[in-house]
There are 4 protein chains.
Amino acid sequence: MFFASDNWAGASDPIMNALARHTDGFEPAYGESSLCDSIETQFQTLFETDCSVFVVATGTAANALALSAVTGPAGTVFCHKDAHIRVDECGAPEFLTSGARMWGLDGKFGKLTPRALETGFQEVPQGVVHHGQPSAISLSQATEWGTIYDLSEINTLSALTHDKGLAVHMDGARFANAMVTLETTPAEMTWKSGVDLLSFGATKNGAWCAEAVVFFNKDYARDFIYRRKRAGHLFSKMRFVAAQFEGYFENNHWLDNARHANAMATKLAEGLDATSFCRTVCPTQANEVFAVIPKKLAEKAQSNGAVFHDWPSLGLDGKERLSEDEGLYRLVCSFRSTEAEIDRFLNEIGA
Amino acid sequence: MFFASDNWAGASDPIMNALARHTDGFEPAYGESSLCDSIETQFQTLFETDCSVFVVATGTAANALALSAVTGPAGTVFCHKDAHIRVDECGAPEFLTSGARMWGLDGKFGKLTPRALETGFQEVPQGVVHHGQPSAISLSQATEWGTIYDLSEINTLSALTHDKGLAVHMDGARFANAMVTLETTPAEMTWKSGVDLLSFGATKNGAWCAEAVVFFNKDYARDFIYRRKRAGHLFSKMRFVAAQFEGYFENNHWLDNARHANAMATKLAEGLDATSFCRTVCPTQANEVFAVIPKKLAEKAQSNGAVFHDWPSLGLDGKERLSEDEGLYRLVCSFRSTEAEIDRFLNEIGA
Amino acid sequence: MFFASDNWAGASDPIMNALARHTDGFEPAYGESSLCDSIETQFQTLFETDCSVFVVATGTAANALALSAVTGPAGTVFCHKDAHIRVDECGAPEFLTSGARMWGLDGKFGKLTPRALETGFQEVPQGVVHHGQPSAISLSQATEWGTIYDLSEINTLSALTHDKGLAVHMDGARFANAMVTLETTPAEMTWKSGVDLLSFGATKNGAWCAEAVVFFNKDYARDFIYRRKRAGHLFSKMRFVAAQFEGYFENNHWLDNARHANAMATKLAEGLDATSFCRTVCPTQANEVFAVIPKKLAEKAQSNGAVFHDWPSLGLDGKERLSEDEGLYRLVCSFRSTEAEIDRFLNEIGA
Amino acid sequence: MFFASDNWAGASDPIMNALARHTDGFEPAYGESSLCDSIETQFQTLFETDCSVFVVATGTAANALALSAVTGPAGTVFCHKDAHIRVDECGAPEFLTSGARMWGLDGKFGKLTPRALETGFQEVPQGVVHHGQPSAISLSQATEWGTIYDLSEINTLSALTHDKGLAVHMDGARFANAMVTLETTPAEMTWKSGVDLLSFGATKNGAWCAEAVVFFNKDYARDFIYRRKRAGHLFSKMRFVAAQFEGYFENNHWLDNARHANAMATKLAEGLDATSFCRTVCPTQANEVFAVIPKKLAEKAQSNGAVFHDWPSLGLDGKERLSEDEGLYRLVCSFRSTEAEIDRFLNEIGA
């Protein structure tokens, strides 16, 4: 009953197999192997465009380096106030951009709205030296609350952003989970909807440590090879990341993993909502469930081996009031979650 | 005939096996698994002291983050003028320290001398705001020229450094290669000789991507967890690095790999020196050979499949003059090099 | 009718006189003149304690460098959401701290409340690597809204902050204006109320460009001389800043200037509030007036030579609704403002 | 007998007079006053081109910010090994560029040679991610040794640099001193000789604190307003810098000051060289004299009130050997130096 995070789950078999397959022999270092080349091609095929691809090994590096590519001196990145880049990542976006501001905006359950974005543009207007330079927006797809932007929402936000000449970044740490829910294509969910650059995550979805910064607008990629290396993120034996991507894309393994994780989360959410005493607080659109559970039941489940974390309820809507006896919890499913495990958990809770 | 670099060699079997062994199941993320704990214990046992250990995944990250822990504002790090941190690493030490200076000093074949260090201390004296703050020295063991400091040399340099209240950093990207040559212990080659913090490399010696910053002086480690994360180097599924170390240390695999690589380099060096037309330019003390080879022979070997790079001869001693027809080349051996491969190469060269 | 900002007002005579007095002759550079020494002593006398004093020449430098001294890697500074360090200063605090986060909190008219601070401490808890390191709070005295913390408020916030082991910074760009309102002493308003370090501003109150970072907790000052120089803020002919401070403190010139500016602002506020169609939106406690004025009247005054800016009404209380025809404006008085000028302005407005 | 540095000399009268002239009244802040505009025009007239001008208040800020405008991620700036940006300035160039490397090259008495530059280009070739990005060269005119590049030398170095697509920066902390020696024009010594951007210093030549970054290639100026502000170098009452420049340029005051300082230095050098026991070690081409003086005589003069510093002899040519009893000293003249003072000093020395 491991629902603490999708990054507790190790690696899935096709990924380990691909890694094992590429262990032997000599290959050029620093991303110049033929395997590394072929991975770039796979991304281009997948995204149906001539994008530039730079693999890295942590999501924090992907986000922070991506943002460094679109923020000049004193840049401002508009994002949801709960965005990972603003709340988590230990100041990496600020540090690796040499001090850009992550400007938090409102929106229900992790999603930026056009109105919130307009407010942000007013708060940090262009051309005013005191406020720094508006640079980019960053959308998390899926969001910190496991919710998902549909294509028209992405398009609208992108259009507002491009009107100002700013860049659109997507934090796709859970890209696959969002994509299978929307039943769309990588291209549709990104550049065809106005996304300029993407942090494409595989780690939470079955890889060991495989992420990529994908530039659809290649102008932003100009110095990126130096940005990556200067932050210590150019791997000498880079084929070990490339190999993970080989396994990840093979036979649509990545989509299978995401579909499974999402299905498990849906099952879990439905189980909780079917009770009279638990309730999810926002739509379960990816692999994360945010639920109000009586504290005693949550603690009992935890003492019987369920692993999951409570979650700050500060971000909740005013309408959603928790009683003293209730807690807000996050439960995350992954490729390794099983129906049996979820049944066992629901049973523990008394659902 | 792959002698381009030890990082072309993929991963060795015990490392892949360990990784495969730890793929399944759920484990706490971000370095809190029991495997991660046990790796720290293994380092402590190996180094015979209560050191603090932070695993990372690139040598550049290890060096740059380590130096950030010992440099305050406007820090200066004294190092050999050919040191990796000064010449390579794409400014990562400067960037991740927020601007420390890597102050290059003279010395034969990559080794700092006490006299050169004294010169450095004169050039950047303490307490002069214009020059910034002398902070640390950094020794590469083995050096960029494949040479090795013996224990008394490390002790002497450390003592001079500690007299000034500065820190002693060792860049141990090829730590194992140096250690087996010296037939010493990890403790002797580091803290017992005055080293305060170490970049411990495993990647060049058979791992995929496993490095560690080891603090013998734990005062310097105080904020390190934040330094690592803020640069994007805290891995969520960190057990994949820990597992590599498990395989690395098991049955002294790391020492076997290093001994083999060194032996191969020695064989290669002896083969070249045995000719009348090739010569090594510095002692082959680790797994790297620096040799003068007639250009025509080198090119012929390359066209027949030998892979190795020419090397800037700028660092050479004045006495060592190359004729127009000669080139300086670096040849690196690894755990994967074979006697047959070396024989074939020597044969190609006409040795 | 110049109410755009207190920094439009040039320098006051005692300051120019002091500067002229110290123009001739040779003096040691870089802050080592006897004048510079005597200024430090004057600060110590004024603040009744053995503080460390570092003069700089812009308020942004003072704030950003001060914060750099109390934020380790991935630091977080808690401040009001309207604080100058968070909204203005073009990312200087983020840049000069190498990426600290300015964490905005709620509070009426620029003032942090204990409850808001507790919320901040929950949002960025200590010891969680993902959130970075809580480091300091920053209070603006006077605030961006011209309001003032009384001593008990400073004490309460300081106590909460020290309980967590964090530092208390005061942005005193308008320190004098606050002090004369509170009728207190420099010591009472700072270290006796728990302030650890202060950006002491003189520029807005009659100097050309004279600011100082004052450390009451001298532990934080350890590396400051390097921080200042490394950012280009160590002046070679530093006596030109010191001289300004000499003129500033002489015969309580600084308090006279502040008292005058505050009195002018009060007169202006009272004049506006006496009308039926204008109203101030927050207490006028220093030298700034924030008032709702019918747009037509404001524009008429502007076209007749009054200079002042509209102000974002986003920060207003929900209860304070502006009609379509009304605007929110900021009017700032200075040592150079005159009663006649204010009467003329009120007359223009139709008060 | 003050020869410690030209920045011991306070401000000259025309500069204080101009400052006094602009003290009163209200003017737009942050560089938007008409005085600030007129200063930009004066620079454009002086340099005979439509340059962009950004005033700052320290030479370190001018250099470091200028270099930040021409260095992307992991930039390398080629400069003489004795250059102020590399040896002094407390790491400001490294810090404000977010980690660029100041790459020191050889050359006699502070002057880069084409050959040294070619060596630098070999050491840090373009397009090699490990070495970072070659970005710019920086020439000091006059140099740290008081020597001067003639126009053809500047042209040659610029051409080599532009061939690589890099920028040419001139550190003109002593720009006026060089210009009067060459009897040339500002335009000839800069953009007509290939200089792309200039740190134009006035502080050492009679101003309090007035420097400017002048962009002849305006592409590099694009974000500069943000760079300046983000480092805390945008002054609110910026007219105090502008006023200094007004006084500086008026009636060619700046050239008079420089001519005087140079003449005093020449007199001093000739006086020393006329003895049998003192000798200058390099040509006295600006306002600095570097001389070997018997230590006993130097100390006697110092104890009788002469102020000057010894200088590291590490930079000396191998041929120039000092005996044990001799010291190398730097003596700097300024607008405030007098013939009487120099005669007195020579007399003290026994010349």
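In this predicted model, strand β8 (residues 279–280) of chain A pairs with β9(A) in the antiparallel sense, over two bridges. Within that pairing, T280(A) has A291(A) of β9(A) as its bridge partner. On β9(A) there is a further pairing, again antiparallel, with strand β11 (residues 326–332) of chain A, over seven bridges. There, F290(A) is bridged to R330(A) of β11(A). Strand β9 (residues 288–294) of chain A has six of its seven residues buried, so β9(A) is largely enclosed by the rest of the structure. In a regular strand, side chains alternate between the two faces of the sheet.

**Chain A as a whole**

Chain A contains 14 helices and 11 strands. Its radius of gyration is 20 Å, close to the 20 Å that the globule rule gives for 351 residues, so chain A is as compact as a globular protein of that length. The C-alpha trace of chain A spans about 55 × 55 × 30 Å along its principal axes. Of the 351 residues of chain A, 64% count as buried. Among contacts in chain A with a separation of 6 or more, 77% are between residues 24 or more positions apart.

**Domains of chain A**

Chain A is divided into domain 1 (11–251) and domain 2 (253–349). The centres of domain 1 of chain A and domain 2 of chain A, taken over C-alpha atoms, are separated by 27 Å. Their contact involves 24 residues from domain 1 of chain A and 20 residues from domain 2 of chain A. On the side of domain 1 of chain A that touches domain 2 of chain A, α8 (175–182) and α11 (239–249) of chain A each supply at least two residues. The largest share of this side, five residues, comes from α8(A). By class, the side of domain 1 of chain A that touches domain 2 of chain A comprises 11 nonpolar, nine polar and four charged residues.

**Contacts between chains**

In the contact between chains B and A, 40 residues of chain B meet 40 residues of chain A. The side of chain B that touches chain A receives at least two residues from each of α1 (13–21), α3 (59–70), α5 (92–96) and α10 (224–230) of chain B. The contact between chains C and A takes 20 residues from chain C and 20 residues from chain A. For the side of chain C that touches chain A, the elements giving two or more residues are α5 (92–96) and α6 (114–123) of chain C.

**Relation of chain B to chain A**

Two copies of a chain are related by a rotation about an axis and a shift along it. Chain B is superposed on chain A by a rotation of 180 degrees with 0.0 Å of shift along its axis, at an RMSD of 0.0 Å. The two copies are thus related as by a two-fold rotation axis. Which residue of chain B comes closest to the rotation axis? That residue is A231(B), whose C-alpha lies at 3.4 Å from the axis. Of the interface residues of chain B, 100% are also interface residues in chain A, so the copies meet through the same surface.

Note on methods
Residues numbered from 1 in each chain as written. Chains lettered and ligands numbered in written order. Predicted model: local features only at pLDDT ≥ 70, side-chain atom pairs only at ≥ 80, totals over all residues. Contact = placed C-beta atoms within 7 Å. Helix = DSSP H or I, 4+ residues; strand = E, 2+ residues; numbered from the N terminus. Domains from an automatic or database assignment. Nonpolar A, V, L, I, M, F, W, Y, C, P; charged D, E, K, R; others polar. Buried ≥ 20, exposed ≤ 12 C-beta atoms within 10 Å, placed from the backbone. Pairing = 2+ DSSP bridges. Rg over C-alpha atoms; globule rule 2.2 N^0.38 Å. Least-squares fit on C-alpha atoms with pLDDT ≥ 70 in both.
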